[in-house]
Every structure is written in C-alpha cells, then in structure tokens.
Amino acid sequence: MSDISILLVDDETDFVETMTKRFRIRKIDVASASNGPDALNLLEGREFDVAILDVRMPGMDGLELLRRIRAKHPLTEVIMLTGHASLETGMQGMSLGAFDYVLKPADFDDLLDKVRRAAERRALNVRTRHAGG
Amino acid sequence: MSARVTPAADPGRAARELFSRATGARVWRENRLALWLHFLAPPTLAALAAAAAFANPPLAALLAVLVLALSAASARWLMTRLSRAEEAKDSLTDQLIQSQKMAAVGELSAGIAHEINNPIAIIAQEAEWAGHLLAKAEKSDTPDFTELRDSLREIRAQVDRCGGITHKLLDFARRREPVLQDVDVTRLIDDMARLVDKEASYKDVALVRDLPQDLPLLRTDAPLLRQVVLNLMTNALHAVDKGGHITVTTKVDDAHMDIRVADDGCGIPEENMAKLFTPFFTTKAPGQGTGLGLALCHNLVLGMGGVILVSSRPGQGSVFTVRLPRVPGTGAVR
C-alpha cells in the first residue's frame with residue numbers, strides 16, 4: 001500500500017539497523033547514512049519523501065543537515081530525532097522547517113504515523129506545485 | 001485587561017467599517033427606530049405638558065418631570081453610544097496600523113538580513129582561514145598566539161550569533177502557505193510538551209496538560225502549529241518562577257478550536273500589552289532574546305486564519321489563547 005521512501009541518518013549503527021528492518025517489514029523503502037555529508041550525497045542521487053535525522057552527530061550535526069536539506073531539497077520533509085530534549089534545539093529545528101521533533105526512544109508505530117503524515121504533506125506540496133505551475 | 005490582535009484581512013472592508021463607525025452611519029442604520037423615539041418622544045411630551053398646564057397644573061408638573069427624566073436618559077444613551085463608537089474606531093485604527101507596521105518591518109528585516117548574510121559568511125570564512133593558518137604557524141604556543149586563538153574563537157561565536165539573528169529575521173518575514181492536514185491537536189501539544197518537560201523539571205515547574213482525548217481532528221498546518229505551541233510554552237516557562245505552574249488546555253466549539261497556555265508567572269505590565277507582538281520588543285536582557293518569538297507566532301497564527309488572544313494580570317500570570325477556525329478558509333476569526 002505504501003510507497004514511501006525514507007532516508008534515515010544517525011551515527012548509531014545499531015539503531016539504524018533495527019529501524020531499517022522494522023520499516024522494511026512494513027514495505028517501506030529505507031536508505032541510511034551515518035553522517036551528514038553521506039546523507040547529502042544520497043539526496044543528490046535520488047529523491048526521498050521523508051528524512052529522519054538524529055540531532056546529535058559528529059561533524060555536521062542534525063540541525064545543519066536539516067538546514068541544507070530544506071535549502072536544496074525543500075520538498076523532502078524532515079523529522080528530527082533526539083535523545084536529549086533540549087528546548088533550544090527543538091525551537092531551532094521547528095523554525096528551520098522540520099515537520100516534527102521526536103524524542104528518543106520513539107515508539108515505532110508513533111514514528112511510522114508521523115512518517116506517513118510527513119509523506120502526505122510532501123504529496124500535498126507536490127500537487128500544489130504542479131497545480132500552481 | 002486584554003489585547004486582541006485581529007488581522008485586517010480586507011483593508012477595504014475595514015476602512016468602510018471604520019468610516020461607518022466614525023460617521024455614525026452604522027448606528028443610524030441599526031437603531032433607526034430607537035433614534036426616532038429619542039428625537040420625537042421628549043418634544044411631544046413637552047408639548048403635551050405645556051398644553052396640560054392650562055387645564056390641570058399637577059398633571060402638567062408630572063408630565064414635565066417625565067420629560068426631564070426621559071431627556072436625561074436619552075442623552076445618556078446617545079453619549080454611551082457615541083463614546084463606544086469612538087473607542088471602536090480607535091482600536092480599529094490601532095489594529096490597522098499594527099498590521100501595516102508588521103508588514104513593513106517584515107519586508108525591511110528580510111532586506112537587511114539578506115544584505116548582512118553575505119558579509120557575515122565572509123567574516124566566518126576568513127576567521128576560519130586565519131585559524132587554519134594559526135594552527136600551522138611555528139612557535140604557536142606563546143601567550144600571544146593563545147590570545148589570538150581565543151580572539152578568533154570569540155569572532156566565530158559572535159558571527160554565529162549574528163547568523164542566528166538574520167536567520168530568525170528571514171524566518172519572520174517569510175510568507176508561508178499553510179499546508180492543510182488533519183491534525184490530532186492533543187497529540188501535537190503533548191509531543192511539544194515533552195520537549196519542554198525536562199527544562200521545566202529543572203526549574204521545578206509543573207507543565208500540566210489538561211487535554212481531552214476525544215478532541216476532533218483539526219484541519220491545519222501541523223509544523224506551523226507545533227512552532228506556535230512550542231514558542232508559547234517556552235515563553236510561559238521563562239515567565240514562571242521556581243515551583244510555578246503552566247497549564248495547557250484546549251476548547252472547541254462549532255466554529256473554533258482554542259489552545260490555551262496559562263501560567264502563574266510574572267504577568268505582563270499593562271504598558272507592554274500593546275507592544276507584545278511587535279517585532280524586537282523584548283523584556284529580556286540583551287543577547288537573551290531577539291524579541292521575534294511572539295511576533296513570529298502572531299504571523300504564523302494569522303497565516304492559519306486565526307488570532308492570538310492575551311490576558312494578563314501582573315504578578316498573577318498570563319493566558320495566551322490561540323484561536324483557530326475549524327474550517328480553514330472561512331476567513332479570519334473575529
């Protein structure tokens with residue numbers, strides 16, 4: 001039923017592996033990267049409906065990656081994942097245009113629902129873009 | 001004391017309304033019967049009293065008293081009407097000026113932010129390059145070099161700060177077309193509240209969610225609403241002292257949904273109420289806040305077709321209510 005594609009970016013490989021498996025069971029197309037530059041490379045090659053980004057990553061952090069994705073791939077919706085609730089980064093993330101800001105550990109079904117909503121939003125944006133010319 | 005900010009979505013209509021209120025045309029149209037009564041009744045009775053004075057003096061006296069009372073009441077009614085119309089005109093003018101000012105500030109800020117972003121980026125690059133050269137330099141462990149490195153680090157930090165401000169400015173000025181989806185508001189609020197929880201517990205502040213589980217879905221823009229809710233809760237957290245309370249509730253009727261963030265913090269002094277949504281207005285120390293948070297919220301909520309209502313009692317707390325239309329596009333909430 002679903003043909004949603006996700007890009008999962010997190011430096012914790014265990015977490016990425018588990019999530020990838022769980023998404024694939026739901027027949028969702030998942031690609032993953034363990035850092036920002038790799039993620040941007042993947043985005044150059046193909047489009048994703050939704051990107052799920054860890055906030056705290058070595059090198060380019062999740063907020064910087066979010067900023068770049070919003071600038072270069074504005075149609076890709078971004079969900080931020082964070083292990084530590086920080087108001088400051090939460091506000092930054094939302095004002096940079098994240099679709100949602102989710103605390104780890106996230107309930108999988110909850111996250112899946114958010115992914116579907118984000119993909120729905122992308123589809124709506126694509127449609128208005130086509131309609132508006 | 002309360003401030004109500006409503007959009008002047010249709011300037012033409014607003015101007016017509018202003019005109020009819022100022023000239024009294026509206027009062028005339030709506031109260032034609034009452035006005036005729038006010039104009040005709042006292043003179044008629046006065047004439048009757050004069051006629052009765054010839055026939056029956058006591059009756060004439062009674063009629064005269066009646067005329068007096070009626071005239072007084074009539075004059076009072078008209079005065080009240082007049083002053084109310086005057087007040088309405090003033091507040092409408094305020095609102096018109098306010099939204100024009102906001103639009104102007106938005107444009108200006110975007111222009112400045114754009115212009116300043118480039119030099120800021122160059123300063124950042126140069127500082128980075130200088131740092132790179134410094135790292136390669138020989139004998140770089142003398143006190144002077146250490147000082148130089150500190151100095152460069154400070155330049156970086158301040159440049160980042162400038163970048164933060166220009167980003168907020170651009171964000172403030174950006175026009176967003178809301179993307180409408182069915183949103184579970186209860187969950188949205190709870191999600192955002194979880195982000196605030198930890199910081200609230202540091203301050204020993206209780207963040208209470210009094211949210212119904214059977215709230216109907218709201219057709220609105222989820223990320224924008226998240227931003228507004230998060231901003232209002234953060235503001236509330238800054239406003240309360242240790243041990244304070246923040247309560248988030250929702251209310252729904254046929255036409256609107258209200259999201260209410262109430263705190264028992266310091267409250268807002270009356271003289272600040274009118275400036276609350278003005279960009280750059282802040283009561284925080286320099287560097288602590290840009291004064292764009294509430295202005296941004298105001299813009300976002302207007303964009304969603306809603307309003308933000310504020311009521312506050314200094315020393316007792318404030319209540320911010322976001323009122324959104326349940327059916328989007330039904331025009332601004334009044």
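These notebook entries record what I looked up in a predicted model with chains A and B.

**Conventions**

I number residues from 1 along each chain as its sequence is written, and I letter chains from A and number ligands from 1 in the order in which they are written. Because the model is predicted, I require pLDDT of at least 70 for local features and pLDDT 80 or more for side-chain atom pairs, while totals for chains, interfaces and linings use all residues; side-chain values use heavy atoms, with hydrogens and water left out.

**Entry 1: the chains**

I took helices (H or I, at least four residues) and strands (E, at least two) as DSSP runs, numbered from the N terminus. Chain A has five helices and five strands, and from the N terminus on its elements run β-α-β-α-β-α-β-α-β-α. For chain B I recorded nine helices and eight strands.

I called a residue buried under 20% relative accessible area, exposed over 50% and partly exposed in between (1.4 Å probe, protein chains only). Of the 133 residues in chain A, 53% are buried; of the 334 residues in chain B, 38% are buried.

I counted a contact where heavy atoms lie within 4.5 Å. Among contacts with a separation of 6 or more, residues 24 or more positions apart account for 64% in chain A and for 73% in chain B.

**Entry 2: the interface of chains A and B**

I then turned to the interface. The contact takes 22 residues from chain A and 23 residues from chain B. The buried area (accessible area, 1.4 Å probe, that two parts lose on being put together, summed over both) is about 2200 Å², and carbon and sulfur atoms give 53% of this area. Within the area that chain A buries against chain B, A:Leu87, A:Met94 and A:Arg121 supply 29%, more than any other three residues.

I found 10 residue pairs in polar contact across the interface, both residues at pLDDT 80 or more. The rule for a polar contact asks for N or O atoms within 3.5 Å; within protein, one must be able to donate a hydrogen and the other to accept it, and residues adjacent in sequence count only if both atoms are side-chain atoms.

Which elements of chain A each supply at least two residues of the side that touches chain B? They are α4 (87–95), β5 (100–103) and α5 (108–132). The largest share, eight residues, comes from α5(A). By class, this side of chain A has 10 nonpolar, five polar and seven charged residues, where Ala, Val, Leu, Ile, Met, Phe, Trp, Tyr, Cys and Pro count as nonpolar, Asp, Glu, Lys and Arg as charged, and the others, Gly among them, as polar.

**Entry 3: helix α4(A)**

In α4(A) I found A:Leu87, A:Thr89, A:Gly90, A:Gly93, A:Met94 and A:Ser95 buried. The buried residues of this helix pack against α3 (62–72) and β5 of chain A together with α5 (143–173), α6 (185–202) and α7 (222–239) of chain B. I looked at A:Ser95 separately: its relative accessible area is 13%. Leaving out residues up to four places away in sequence, A:Ser95 touches B:His167, B:Asp171, B:Arg174 and B:Gln227. After α4(A) comes A:Gly97, whose phi is positive, near 105 degrees.

**Entry 4: salt bridges**

I defined a salt bridge as a side-chain nitrogen of Lys or Arg within 4 Å of a carboxyl oxygen of Asp or Glu.

B:Arg187 meets A:Asp110 at 3.3 Å, N to O, and A:Asp113 at 3.1 Å, N to O. The pair of B:Arg187 and A:Asp113 crosses between chains, from helix α6 of chain B to helix α5 of chain A. B:Arg187 is partly exposed at 27% relative accessibility, as is A:Asp113 at 26%.

Within chain A, the closest N and O atoms of A:Arg46 and A:Asp29 are 3.0 Å apart. A:Arg46 lies in the loop between α2 (36–45) and β3 (50–54), and A:Asp29 in strand β2 (residues 29–33), 17 residues apart.

A:Glu44 and A:Lys72 meet at 3.1 Å, N to O. A:Glu44 lies in helix α2 and A:Lys72 in helix α3 of chain A, so this pair ties together parts 28 residues apart in sequence.
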